Amino acid sequence: MIDLYFIQDVLLPPLIEGVLVTIKLIILSIPSGLILGILIAVGRVYGNKFISSLCAIYTIFFRGTPLLVQLFIIYYALPSIGIFFSPFMAAVTGFILCSGAYHSEYIRGAIQSIKTGQMMAAEALGMSRIKAVLYIILPQALRRAIPGCSNEIIYLIKYSSLAFMVTCVELTGAGKIIATRHFRYTEVFLVVGIIYLLVVSIVTKFLNILEKKLRIPGLE
Amino acid sequence: MTENLLLVYQSLPYLLKGSIITLKLIGGALALGLIIGIPMAIGQVYGNKYVANLISFYVWFFRGLPVLVLLFLFYFGLFLFLGFNLTALTAAILVLGFRSAAYQSQIFRGSIQSIGEGQMMAARSLGMTKFKAIWYIILPQALRISIPGWSNEYSIILKDSAVTYAIGLMEIITRGNFIATRTYQPLPIFLTCAAIFLILTYGGVKLLNILEKKVKIPGYGSYSNSGEEY
Amino acid sequence: MHEDNKIILKVEEIYKRYRKEEVLRGISFEVRKGETKVIIGPSGSGKSTLLRCINQLTIPDKGQVWLEGEEVTHAKKSINQFRQKMGMVFQDFNLFDHINALGNVEIGLIRVKGMDKNRAREKAMEELKQVGLEKQAYLYPAQLSGGQKQRVSIARALAMNPSVMLFDEPTSALDPELIGEVLEVIKKLAINGMTMVVVTHEMGFARSVANEVIFIESGRIIDQGSPYKLFTNPEHERTKKFLYKITELYGKSVEER
């Protein structure tokens with residue numbers, strides 16, 4: 001049943017192209033989503049009423065609706081009011097906006113778990129709010145948010161497959177095209193699945209090592 | 001603007017029929033995940049090494065693959081290969097259900113493990129078998145502790161249900177797309193779909209919060225952590 | 001004893017209310033250069049709030065604070081400038097958990113005063129030496145004992161070259177055997193002429209170091225005077241009652257202390 005020649009000659013080349021697109025997608029989306037998450041979390045906790053509400057509404061929308069719906073709105077609906085995205089950019093934009101909201105919740109929780117004494121001591125030294133958040137609060141909060149944010153990064157790697165739904169051909173899309181053409185769904189998607197499992201496992205391992213390296217000595 | 005509102009108004013019945021399909025899908029998937037997930041969690045905590053490793057592999061597989069890939073793999077591939085000719089809804093319930101079992105098992109495992117060993121020891125010392133101890137002592141507590149995590153799982157499955165668009169299930173976004181392509185008005189339609197999802201998400205979570213309060217053991221604080229909220 | 005009798009810190013008619021409770025009801029006092037003022041009183045009498053009103057970590061409802069002649073209370077823009085001149089030591093230490101001891105002491109110099117990193121590091125090491133902790137410079141707060149943490153936090157505040165030091169119950173969170181090392185450091189500061197306001201329960205310390213003791217209860221100054229006067233012959237009944245309770249707790253009579 002499993003035809004190795006098919007896998008090598010017909011399947012792998014387009015899949016590898018697809019993997020490259022996937023990698024491009026996640027390399028652009030992950031850091032940006034994280035940064036957006038930090039900004040939104042800081043805005044929510046330390047901003048004035050207006051900024052804080054804005055951040056809250058953003059978070060509620062992007063966590064309460066499916067990523068697929070967000071992608072459809074960006075790629076299919078925005079053109080009707082004059083905003084055009086290529087499939088790739090629509091996917092990246094959707095990924096950044098969506099994961100930014102999830103990251104912001106993890107980071108917000110982490111910020112709120114830092115003892116108020118830390119902020120007091122920073123201000124007592126004469127630090128402005130901004131300096132205190134930047135040099136004292138965030139370095140600690142970001143460490144605490146690592147488990148949650150790592151989780152979200154892994155999710156994004158998997159949900160990058162939805163880029164295909166707005167016609168951006170990444171790994172899953174490449175697989176579907178080949179599978180449809182040759183009627184070999186099981187084999188194709190087992191291979192696609194194995195590739196995702198490999199990528200996810202490697203990234204998980206990497207993030208675990210990162211977390212250990214960043215641990216503050218003495219704590220836990 | 002008013003034409004848009006009119007369009008939305010006219011599309012609602014059709015879209016809401018889609019939400020019924022969505023709710024059936026989620027209900028089935030969550031239930032399947034629950035039925036398989038709880039025994040899996042118990043197996044991981046109390047079972048022997050062989051069983052625990054098998055379960056770990058299952059969890060790794062179903063959590064490591066994107067939903068879309070799982071749907072394609074099973075609906076277009078494995079189910080047919082195994083000789084089953086399933087409707088999109090049944091297939092979707094099975095796939096999302098097996099996947100949810102993987103996630104739910106970890107939620108329950110965490111809850112079971114957070115219940116101190118002392119509880120099990122006390123139960124056994126009374127003469128209860130392992131099974132009775134789990135059923136009467138551990139599970140009632142673990143299930144309560146799991147509600148926030150489970151509420152998270154509900155919200156995730158609800159959003160994943162949209163991906164079944166890819167296998168043609170006539171749920172909310174599939175129907176929305178159907179209308180949008182015919183009326184050339186994607187923006188109001190998709191925003192309406194988004195709104196329906198928002199209501200289902202936060203409404204459901206709110207209901208689960210109420211459930212959590214109703215079954216709370218007197219004297220215990222909230223089980224929710226920050227960051228676990230929707 | 002004092003070179004000049006300049007008034008470093010002046011606090012006038014401070015009022016503060018939390019929800020329905022008036023925590024501070026018109027507190028006024030002055031601290032001259034080189035003086036050590038010790039504030040005593042029952043818990044909840046507003047002593048910590050008072051200190052936080054001085055460096056505006058808590059904004060008082062009414063009243064004014066002057067540092068070296070300049071008004072602190074309504075100077076929104078340069079409050080950070082004032083805070084650099086007021087060192088604060090907290091009951092819970094509040095060391096920055098993510099940086100080591102040396103880092104804690106130098107961060108104010110680098111990030112607030114804009115000092116060059118090498119100079120800041122040198123100065124920070126100096127301060128740690130002064131509190132006896134140069135060997136622990138590279139340890140993190142979680143690796144230090146309570147007494148060590150508090151001494152680092154004193155070094156952190158001193159590094160900024162403050163005009164006045166504010167101590168908020170510096171030894172209350174410490175295990176008994178660690179209190180001594182911290183009190184030693186504070187005593188040394190007093191002898192070397194630092195202007196200080198210390199809120200504390202340590203009566204022996206108050207007696208040996210204070211120029212003046214202020215007794216606050218229910219948000220008001222009840223009694224004020226030299227340690228000798230307050231501990232051996234207090235004017236007011238409530239002062240007597242409070243001191244009696246404290247000495248009961250420590251098992252010694254007032255005279256013996």
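Between chain A and chain C, six residue pairs are in polar contact, counting pairs in which both residues have pLDDT 80 or more, and the structure in which they occur is a predicted model. Helices α5 (116-124) and α6 (129-159) of chain A each contribute at least two residues to the side of chain A that touches chain C. Of the elements of chain A, α5(A) gives the most to this side, supplying seven residues.

The size of an interface is often expressed as the accessible area that is lost when the parts come together. For chain A and chain C, the area buried between them is about 2000 Å², and 66% of it lies on carbon and sulfur atoms. The contact draws on 22 residues from chain A and 23 residues from chain C.

Turning to the annotation of chain A, an unreviewed UniProt entry lists residues 20-42, 54-77, 83-102 and 188-210 under "transmembrane region". Two of these spans can be described from the model. Residues 54-77 of chain A are 92% helix and 0% strand, with the end C-alpha atoms lying 23 Å apart. Over residues 83-102 of chain A, the chain is 80% helix and 0% strand, and the end C-alpha atoms are 25 Å apart.

Methods
Residues numbered from 1 in each chain as written. Chains lettered and ligands numbered in written order. Predicted model: local features only at pLDDT ≥ 70, side-chain atom pairs only at ≥ 80, totals over all residues. Heavy atoms only, no water. Contact = heavy atoms within 4.5 Å. Buried area = accessible area lost by both parts, 1.4 Å probe. Polar contact = N/O pair within 3.5 Å; in protein donor to acceptor, adjacent residues only side chain to side chain. Helix = DSSP H or I, 4+ residues; strand = E, 2+ residues; numbered from the N terminus. UniProt positions renumbered as here; feature names shortened; annotations may be inferred.
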